[in-house]
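Biologist: Before I rely on any of the labels attached to this model, I would like to go through them with you and see each value set against its rule.

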Amino acid sequence: MPGSFSPCVAFTGLWLTLLVVKAAPKSVISLQPPWTTFLEGEAVTLACYRFGFYSPQKIKWYKERKILRQFQDRPTLVVHKSGDYGCQADSLPPSMHVHLEFSKDSLVLQAPPTVFKGDSVVLRCHAKESIEAKTLKFSKNGQDLKLPHQNSELHIHNANQQHNGQYKCTVKKWLSSFSSNTVRVQVQELFPYPVLTARPSQPIDGSPVTLTCQTQLPAQRSNAQLQFCFFRNSQLLGSGCSSSSEFRIPAIWTEESTRYWCKAETMNSQAGKQSTLFTIPVQRASADFQTRIIPASKLVFEGQLLLLSCSVKRVPGPLTLSWYKRDMLNKETKLPKSSEAEFKISKVNISDAGEYYCEANNSRRSFVSGAVPITVRVPVSQPALTLSMGKTQALEGDLITLHCQSQRGSPCILYEFYYENVSLGNSSTLSGEGASFNFSMSTERSGNYYCTADNGLGAQRSEAIRISIFDMKKNRSVSVVAGMIGGLLIMAVGGFLFYYWFSRKAGGKPASDDSRSPSDSEPQEPTYYNVPACIELQPVYSNDSKEDVIYTEVRRTQPRQKRAVQESESPRSRCQMAEKN
C-alpha cells in the first residue's frame, strides 16, 4: 500500500530454494517468507524437500550443523532465533546451510539469499513502525535510486549482471534519518553452459545416435522447466524445441558429422545458453557378411541344386539384399529374382560357374561381400579316337598318331590309350583339345586300339579301331603283274608307231609289201628300235594319309612312254583299292 508498510506486502507465496553445491542431487531447504533477515520477534517457516521438490518421509533438521529435530512425514519447521539452519531429506546428502538473522534494529532491508539471472527480485524495506512512502529511499553502491513509484519495495525484473551491487534503504523521520542493513546482490547464472554429447560417441555410418544437451539447474530452482533445441549448422533439428534434453537422429552419415550444437533456455526464454560446436566422429560402416552355400562345397556338379544365402551384421537397416555374378570374362550381371537373402538355382549347368557376391543397400550406402567362387563340374562325354593318317593300314615302321578327345567335360581330363586292353600311356589336359599318342607301327602292334577319358566324375571309353600292317608280298605280286601288262601294252603301242613311221619312209607303200616281206609261212619276231629289254618292275609305295591307294611307277627313257604310264596310274590305283577292299 502506498505511503505505508505492512509485513504482508511482500508475502507473495514464493518459496525460496537454496543452491546445492554439488551436482549430485541433495536435499533442498526453502524459506517462507523468502527472506533471511527479520525483525526480532518475527518467525520464519523452513521446509525440507528432496531434489526436485519431492516430499520426503524422514526429515532431520540441523542448527549450527548439529541435529536439532527429527520428523516423520513432516517437512516444515518454524524458527524465530538467529543461526545457521539446514536439513536432510531421507537418505540424500544434507542441504547447504542458510543463515537467518533476527535483528533488534528498527529498520531492516530484506532480500533473498540468492538471485539468478532472469529472476524477478523484490527488495523490501521493513520497519517496526509504518513508513510513509515519501520518507523512504533506496540506494545502490551509495547512490540514491530514482524510482517511478516510491514505496517500501524495490522491484528488479529480469535480473542480470547489471543489477549486482550493495543495496540499502533510508527513512527520514522528523529531523533524523534511519538506515537499514546493507544487502549485497550477486546475480548468478541459472544454469551453466550446456555441453552437447552423443551416444554412442563414435557411431557407425547410417546408425542411430542420441544427442544429449547436458546442464544442471541449482537445487533451489530444481523445479524450473527448461526447453532444449538442437541444431546442425544453422538448421533446427526435429519439429522445434522441447522439454526433453535428448534428441534422437535415426541415422547419421559421415557427411553429417560436423557442427552440431544445442541451446537450453527457460520456458519464457529470459535465460538461455548455447553449447560449443560439436563434431561427431562417424565411423565408416564395415559390413560383416555371412554367406552360406548348399552344398557346403564350392564345387557343384552339373544338374545339382545350388542355394546361396546372405546375412549382414554391423550395417544399419532397413537393408535390401541382392545377388550378383561375375563370370569368367569378368562380366558383372545382376541375377534375376535375387533381391532377397537367398538365391536358388534348381539345376546347375556349366554357364552358372563364376564368382557370386551379395550386395546390401540401406538407401544411402552399398556394401558388397567377398566373392563366392562356384565351380561347376561336368562329366566327360564319350571320347572319339582318330588316326592322323586317316587309314587303318600302315607299313612296317610307319609313325602312327592316335588322337583322343571328348567334346564335353570339366578339366582336368585324363586321357589314356589302350592296345588290346593293355595301357600304352596317358596324358592330362586342361583345355578341350584332347591328347595324342605316337608309336612306330610293327607287325606285333596290329590289333584293336581305344582310349578312355576321365575327369574324376566317371571314365568314358571310345569305340575301338583296328589297325593292321600292310601285306607287302600280296601287293608286290599284284604290282609285278600290273607292271608286265603295262609293259606289253607299251611295247605294242611302240611297235605300231614304228610300223607306221617305217611305211611312210618307204614311199607310202603299204606295210604289207610282198617284195619286202618274208613269206607268210615264216613268222618273224617284230623288231623294236630304241626299246630296251623288259626289266623287272619295282613298286614304289606312297604313304599318303589322304589316299588309301598304292602307286606303282614304271620308268622309261622316252617322255611319251612315261606319260603313258602316268595315264594308266589312276585305274591301277582303283584296282588296288578294289583289291584292298
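Modeller: Let us begin with the rings, where the count comes to eleven aromatic pairs, rings of Phe, Tyr and Trp (its six-membered ring) being paired if their centres lie within 6.5 Å, with planes under 30 degrees apart called stacked, over 60 edge-to-face and the rest tilted. This is a predicted model, in which local features need pLDDT of at least 70 and side-chain atom pairs count only at pLDDT 80 or more, while totals for chains, interfaces and linings use all residues. Residues are numbered from 1 along each chain as its sequence is written, and side-chain values use heavy atoms, with hydrogens and water left out.

Biologist: Why is the pair of Tyr-49 and Phe-53 called tilted?

Modeller: The ring centres of Tyr-49 and Phe-53 are 5.5 Å apart and the planes stand at 40°, so the pair is tilted.

Biologist: What makes the pair of Tyr-418 and Tyr-450 stacked?

Modeller: For Tyr-418 and Tyr-450 the distance is 5.0 Å centre to centre with 10° between the planes, and the pair is stacked. Tyr-418 belongs to strand β39 (residues 413-419) and Tyr-450 to strand β42 (residues 447-454), so the pair ties together parts that are 32 residues apart in sequence; strands (E, at least two residues) are DSSP runs, numbered from the N terminus.

Biologist: How do you know whether Tyr-418 is buried or exposed?

Modeller: Buried means under 20% relative accessible area, exposed over 50%, and partly exposed in between, with a 1.4 Å probe and protein chains only. Tyr-418, at 17%, therefore counts as buried, and Tyr-450, at 8%, is buried as well.

Biologist: What sits over the ring of Tyr-450?

Modeller: The charged end of Arg-461 does, 3.5 Å from the ring centre; the rule asks for NZ of Lys or CZ of Arg within 6 Å of the ring centre and within 35 degrees of the ring normal.

Biologist: What makes Cys-125 and Cys-169 a disulfide?

Modeller: The sulfur atoms of Cys-125 and Cys-169 are 2.0 Å apart, and a disulfide is a pair of cysteine sulfur atoms within 2.5 Å. With 75° about the S-S bond, this link is right-handed. Cys-125 has a relative accessible area of 0% and is buried, and Cys-169, at 0%, counts as buried too.

Biologist: Why is the disulfide of Cys-229 and Cys-241 given its handedness?

Modeller: The torsion about the S-S bond of Cys-229 and Cys-241 is about 105°, so this disulfide is right-handed. Its sulfur atoms lie 1.7 Å apart. Cys-229 is buried at 2%, whereas Cys-241, at 35%, is partly exposed.

Biologist: How is the link of Cys-310 and Cys-358 described?

Modeller: The link of Cys-310 and Cys-358 has -90° about the S-S bond and is left-handed, with the sulfur atoms 2.3 Å apart. The pair links distant parts of the chain, Cys-310 in strand β29 and Cys-358 in strand β33, 48 residues apart. The chain has six disulfides by this rule.

Biologist: What makes a set of residues a nonpolar core?

Modeller: A nonpolar core is a set of buried Ala, Val, Leu, Ile, Met, Phe, Trp, Tyr and Cys residues joined through side-chain atoms within 4.5 Å. The largest has 23 residues, and those with the most contacts inside it include Phe-289, Leu-306 and Trp-323. Its largest share, four residues, comes from β29.
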